[in-house]
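Q: I would like to learn how to read a few features of a protein model. Where do we start?

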Amino acid sequence: MAAEIDDAERAARAAHLKERIYLTFAALAVVITLSTHGHVTAGEAATTLIVTVMGTLLAVFTADLISHLVVHERLFTQPELRHALASSFGALSTIVLPFVFLGFAGLGAWETDAALRASAIALLVSLIVIGWIAVRRMPLTFLQRLVALGAEAALGLAVIGLQVLAHG
């Protein structure tokens with residue numbers, strides 16, 4: 001099935017997955033950092049997360065723009081601009097759950113620490129789902145897919161470990 005898509009479609013899929021991975025790792029790092037500081041309110045956590053997310057998305061979009069300029073020696077065409085915007089800002093779907101959890105904490109239904117813990121779990125699961133999307137149609141054995149997903153999960157856990165180590 002992987003052979004049925006052309007190079008442009010393959011590149012577009014890779015870009016969408018790449019942006020989601022970047023954003024998920026950035027959000028995971030922020031959530032872990034916030035949870036290790038303690039005594040942060042849901043509002044403060046949500047504000048820090050949205051500022052980080054928007055900064056990350058703008059940085060990724062800027063990198064896409066600059067790399068496009070270098071490779072093609074011109075600005076985006078309208079379709080290319082739409083693709084770049086959709087690719088970068090479409091990644092926002094990967095961080096919906098942390099905002100939902102922080103919203104519950106802001107309403108008093110959860111403690112902020114519980115919302116941040118649930119957010120970290122959701123983001124780690126999101127990385128695994130993104131990895132599954134990436135490998136599901138590839139001509140790999142079950143064991144190779146499992147190794148690829150396990151490696152991605154291990155990297156997510158490494159981010160958590162490094163953040164806890166840095167701020168613990």
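A: Start with one residue and its accessibility. Leu107 counts as exposed because its relative accessibility is 73%. The cut-offs are these: buried is under 20% relative accessible area, exposed is over 50%, and partly exposed is in between (1.4 Å probe, protein chains only). Leu107 sits in the loop between helix H4 (96-106) and helix H5 (112-135). Helices (H or I, at least four residues) and strands (E, at least two) are DSSP runs, numbered from the N terminus.

Q: What kind of model is this, and how are residues numbered?
A: This is a predicted model: local features need pLDDT of at least 70, side-chain atom pairs count only at pLDDT 80 or more, and totals for chains, interfaces and linings use all residues. Residues are numbered from 1 along each chain as its sequence is written, and side-chain values use heavy atoms, leaving out hydrogens and water.

Q: Which residues form a nonpolar patch on the surface?
A: Patches take residues with over 30% relative accessible area and no salt bridge; like charges are joined within 9 Å, nonpolar side chains (Val, Leu, Ile, Met, Phe, Trp, Tyr) within 5 Å. A salt bridge is a side-chain nitrogen of Lys or Arg within 4 Å of a carboxyl oxygen of Asp or Glu. Here the nonpolar patch consists of Val96, Leu97, Val100, Phe104, Leu107 and Trp110. Together they have about 560 Å² of accessible area. Such areas come from the Shrake-Rupley method with a 1.4 Å probe; for residues, only the protein chains shown count as cover.

Q: Is Ser88 buried or exposed?
A: Ser88 is buried, because its relative accessible area is 0%. Its place is in helix H3. Contact means heavy atoms within 4.5 Å. Setting aside neighbours within four places in sequence, Ser88 is in contact with Glu19, Leu57, Val60, Phe61 and Asp64.

Q: What should I look for in backbone angles?
A: Most residues other than glycine have a negative phi. Glu73 is not a glycine, yet has a positive phi of about 55°. Glu73 lies in the loop between helix H2 (42-72) and helix H3 (78-89). Glu73 is exposed, because its relative accessible area is 72%.
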